[in-house]
Amino acid sequence: TKSLTSALIGIAIDKGFISSVSDRVIDYLPEYADVITGGRENITIKNLLTMSSGIDWNESDHAYGTMENDATHFTVSEDPVRFFFNKSLIHAPGTYWEYNGGGTDILGHIIEITSGMTLTDFADNYLFQPLRIYEYDLDRYINNLYSAMGGLAMRPRDFLKIGNLYLNAGKFNSDEIIDPEWINNSTIPEMNSTWWEGYSYCYHWWYREFT
């Protein structure tokens, strides 16, 4: 699901809804300026894509489904965006990798704000329909925020279409669905993962060289 969100961000940039990955998140969320402070105002879209926001986030020490897990707490919060930015900033943005699904949902929210569409409508209009994908489901939280971090259900053959889209530089048949430059840039290693030895992290894609 996170990789799909990365693709949607690329499409949103290509369509002009978002200017670039260098944009500051606060510029899209001015109503949260009271909590996007103390260095948080420097967090960019790229930082969220590479999980290097610097936000103190624990998604690994406690089981999903427990309130001690930040991802779970985020999904049941009345205002997930505020919950995210109320967390402490413990690293300068772009300097440290920490697995953070909340940042992915912030990206999904930015797509909705800039496009005026729900995340599923945006995905359906710009990705699923062009790929002739008609059966899918994306989770929605109790606060009506769509999940961009996980839970996408789709037929295996349709997941294969996503993979082939990347192998074919963003083209499906002869139609360009995703800018080939985004395909390339989003799969370049950006950060070293602290989860799995030998893996790097791109724009919501894992990267490893096999010999």
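Me: Where is the place of Asn-173?
Reply: Happy to start there: this is a predicted model, where local features need pLDDT of at least 70, side-chain atom pairs count only at pLDDT 80 or more, and totals for chains, interfaces and linings use all residues. Residues are numbered from 1 along each chain as its sequence is written, and side-chain values use heavy atoms, with hydrogens and water left out. Helices (H or I, at least four residues) and strands (E, at least two) are DSSP runs, numbered from the N terminus. On that basis, Asn-173 sits in the loop between β3 and β4 (175–176).

Me: Is Asn-173 buried or exposed?
Reply: The classes are buried (under 20% relative accessible area), exposed (over 50%) and partly exposed in between, with a 1.4 Å probe and protein chains only. Asn-173 has 59% relative accessibility, so it counts as exposed.

Me: What is the phi of Ala-169, in the loop between α7 (156–167) and β3 (171–172)?
Reply: Ala-169 is partly exposed, at 37% relative accessibility. It is not a glycine, yet its phi is positive, at about 55°.

Me: What is the strand order in the open sheet of three strands?
Reply: Two strands pair if DSSP finds at least two bridges between them. Strand β6 (residues 200–201) and β7 meet this with two antiparallel bridges. The pairing is antiparallel, and the order is β5-β6-β7.

Me: Which residue in β7 is the bridge partner of Ser-200?
Reply: The residues that touch this partner include Ser-200 itself, along with Thr-187, Pro-189, Gly-198, Tyr-199 and Cys-202, where contact means heavy atoms within 4.5 Å and residues up to four places away in sequence are not counted. In β7, Ser-200 is bridged to Tyr-207.

Me: With which side chain does the side chain of Tyr-207 make a polar contact?
Reply: A polar contact is a pair of N or O atoms within 3.5 Å; within protein, one must be able to donate a hydrogen and the other to accept it, and residues adjacent in sequence count only if both atoms are side-chain atoms. For Tyr-207, the side-chain pair is 3.3 Å apart, and the partner is Glu-209.

Me: Which residue has its backbone oxygen 2.8 Å from a polar atom of the side chain of Ser-6?
Reply: Ser-6 belongs to helix α1 (residues 2–14) and is buried, with a relative accessible area of 0%. Beyond four places in sequence, Ser-6 touches Leu-49, Trp-182, Ser-186, Tyr-203, His-204 and Trp-205. The backbone oxygen in question is that of Tyr-203.

Me: How many charged residues are in the lining of the largest cavity?
Reply: On a 1 Å grid over the protein atoms alone, a cavity is a set of points where a 1.4 Å probe fits but cannot get out, and lining residues have an atom within 4 Å of a point. Grid points are joined across faces, edges and corners, and a volume is the space filled by probe spheres set on the points; the largest cavity holds about 30 Å³. Its lining is Asn-47, Leu-48, Met-51, Ser-52, Ser-53, Phe-84, Asn-100 and Gly-103. With Ala, Val, Leu, Ile, Met, Phe, Trp, Tyr, Cys and Pro as nonpolar, Asp, Glu, Lys and Arg as charged, and the others, Gly among them, as polar, the lining has three nonpolar residues, five polar ones and, for charged residues, no such residue: none.

Conventions. 1 Å grid on protein atoms, 1.4 Å probe; cavity = no way out; pocket = protein on both sides within 12 Å on 5 of 7 lines; lining within 4 Å.
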